[in-house]
Amino acid sequence: METSDGLYISKMAAPMGKLTRVKEVFRVCGGCSRRFTTISGLNDVVIVSSVRTPIGSFGGSLSSVPAPRLGSIAIQAAIEKAGISKEQVDEVYMGNVLQAGEGQAPTRQAALGAGLPLKTPCTTINKVCASGMKSIMMAAQSLMCGHQEVMVAGGMESMSNVPFTMGRSAPSYGGHRLEDGIVKDGLTDVYNKFHMGNCGEDTARKFDISREQQDEFAINSYKKSQKSAADGVFDKEMTNVNVPQKRGKPDVVVTGDEEYGKVNFDKIKTLRAVFEKDGTVTAGNASTLNDGACALVLMTAKAADKLGVKPLARILGFADAAVAPIEFPIAPAYAMPKALEQAGVSQDDISMFEVNEAFSVVVLANIKALNLDPTKVNINGGAVSIGHPIGMSGARITGHMVHNLTAGQKGLAGICNGGGGASAIVIERL
């Protein structure tokens, strides 16, 4: 609502269940909406750039590139797109789940590899699949509170480089058993001692979602991603990766995602269920194992004005939620309404929904639980067809909204994570 003196009044809600409305005053200055909170004093936070690498298949085009190096490439490109110097970045948060064998402090490696100064503090975030989004949320909190002015946040993962592990105790008769680090630390429900796909099967039963519905969703995801790639939709969010070769051969330049170019539509409906004998979740309607990184530059609106940077979007609200571990696929249906509540925005105000496609059943269940308009959900495809580097995906879907909303439109992204959690974020395109 605009007042007579040209100021704008809005409301910001506290987390659901402890709802308190706080009047805030907005002034539009320098093309950027800056918030002056009369009670809380929180800063408005804007996104000024978002860049990701292409997403490589497991053992594919990016398999020789470690996760911190992928992070470096995304961070450097995001800073360049923002039009600021590396010295102006106060701190870096990056999500990264499968850290075994990467060496100390992966985010520190990524930041220094991108040429940031030695004085730059760095923190690695692990909230399983929600890690990339959680890093954005935590960076936003630091900026809102005035601890920092400019931050980089995102996520990175190289699932191709995750090692096998074994215990350190003396081997018993028969020797040690090697465990796949991807399965052990990324894809296993530690409470029920089974794969996350079994949780997907549980959700399919509870929400009456058939194998046919999941296959059809997956096919549509691939078709949407293929069309989006052909139309150049992903170009504005992507930076190339130069992959060094052996024996002095020239670098191979990776310019696009791999997964949606490899699909065989004839096979999707014939694949066997993976997790239960008569189940519904298959390799074709689930996401894949992948490599990639994404980074966003966030800053306070005041810093954007001071640095002469034009923001792309502003963060309106965010939230986490948790349910029983076996019910993790439906956790976004709890986090997303909380984020809307905090932002003071209704679901009807949202032009674009991103729900991470860990499995096709995840999106179908959340559409049903929240009564979402399917035509507004994952409009350019999702992780089933694009790929799911688990530490990166939450940042990717946030950045994808930044680039594909139009001025004044609002977007809501939600992502589930192992253990029964989820994160969600609401942004507005400027």
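K184 is partly exposed, with a relative accessible area of 42%. Let's start there. One thing first: this is a predicted model.

K184 has a partner. Its side chain meets that of E179 in a salt bridge, 3.9 Å from N to O. E179 is partly exposed as well, and its relative accessible area is 32%.

Why can such side chains pair up at all? Opposite charges can pair when the charged atoms come close.

How many salt bridges does a search of the whole structure find? The count is 14. Let me show you some others.

Take E149 and K306. Their side chains form a salt bridge, at 3.1 Å from N to O. E149 lies in the loop between helix 3 (131–144) and strand 8, while K306 lies in helix 8, so this pair ties together parts that are 157 residues apart in sequence. K306 counts as exposed, because its relative accessibility is 56% and the cut-off is over 50%. E149 has 36%, so this residue counts as partly exposed.

Next, K269 and E216. The closest N and O atoms of this salt bridge are 3.7 Å apart. Again, distant parts of the chain are linked: K269 is in the loop between helix 7 (265–268) and strand 15, E216 is in helix 6 (residues 211–230), and 53 residues separate them. K269 is exposed, at 52% relative accessibility. E216 is partly exposed, at 35%. There is also a network: R52, E237 and D257 are joined by salt bridges that share partners.

Is helix 1 mostly covered or mostly open? Mostly covered: 12 of its 16 residues are buried. Among the buried ones are A67, P68, L70, G71 and I79. What covers them? The cover includes strand 4 (45–52), strand 6 (91–95) and helix 2 (106–113). It also includes strand 8 (150–158), strand 13 (241–243) and strand 15.

Strand 15 brings us to T300. Strand 15 runs over residues 290–300, and T300 is in it. Is T300 buried or exposed? T300 is buried, because its relative accessible area is 4% and the cut-off is under 20%. The side chain of T300 reaches the backbone nitrogen of A303 at 3.0 Å. Setting aside neighbours within four places in sequence, T300 contacts N43, D44, V46, L143, Q148 and E149.

For contrast, look at G308. G308 sits in the loop between helix 8 (301–307) and strand 16 (313–322). G308 is exposed, with 66% relative accessibility. G308 and V377 are 69 residues apart along the chain, and their C-alpha atoms are separated by 34 Å.

Last stop: the surface. Which residues form a nonpolar patch there? F164, M166 and L178 do, with about 350 Å² of accessible area together. F164 belongs to strand 9 (residues 164–165). F164 counts as exposed, at 53% relative accessibility.

Notes:
Residues are numbered from 1 along each chain as its sequence is written. This is a predicted model: local features need pLDDT of at least 70, side-chain atom pairs count only at pLDDT 80 or more; totals for chains, interfaces and linings use all residues. Side-chain values use heavy atoms; hydrogens and water are left out. Helices (H or I, at least four residues) and strands (E, at least two) are DSSP runs, numbered from the N terminus. Buried means under 20% relative accessible area, exposed over 50%, partly exposed in between (1.4 Å probe, protein chains only). A polar contact is a pair of N or O atoms within 3.5 Å; within protein, one must be able to donate a hydrogen and the other to accept it, and residues adjacent in sequence count only if both atoms are side-chain atoms. Contact means heavy atoms within 4.5 Å. Patches are made of residues with over 30% relative accessible area and no salt bridge: like charges are joined within 9 Å, nonpolar side chains (Val, Leu, Ile, Met, Phe, Trp, Tyr) within 5 Å. Accessible areas come from the Shrake-Rupley method with a 1.4 Å probe; for residues, only the protein chains shown count as cover. A salt bridge is a side-chain nitrogen of Lys or Arg within 4 Å of a carboxyl oxygen of Asp or Glu.
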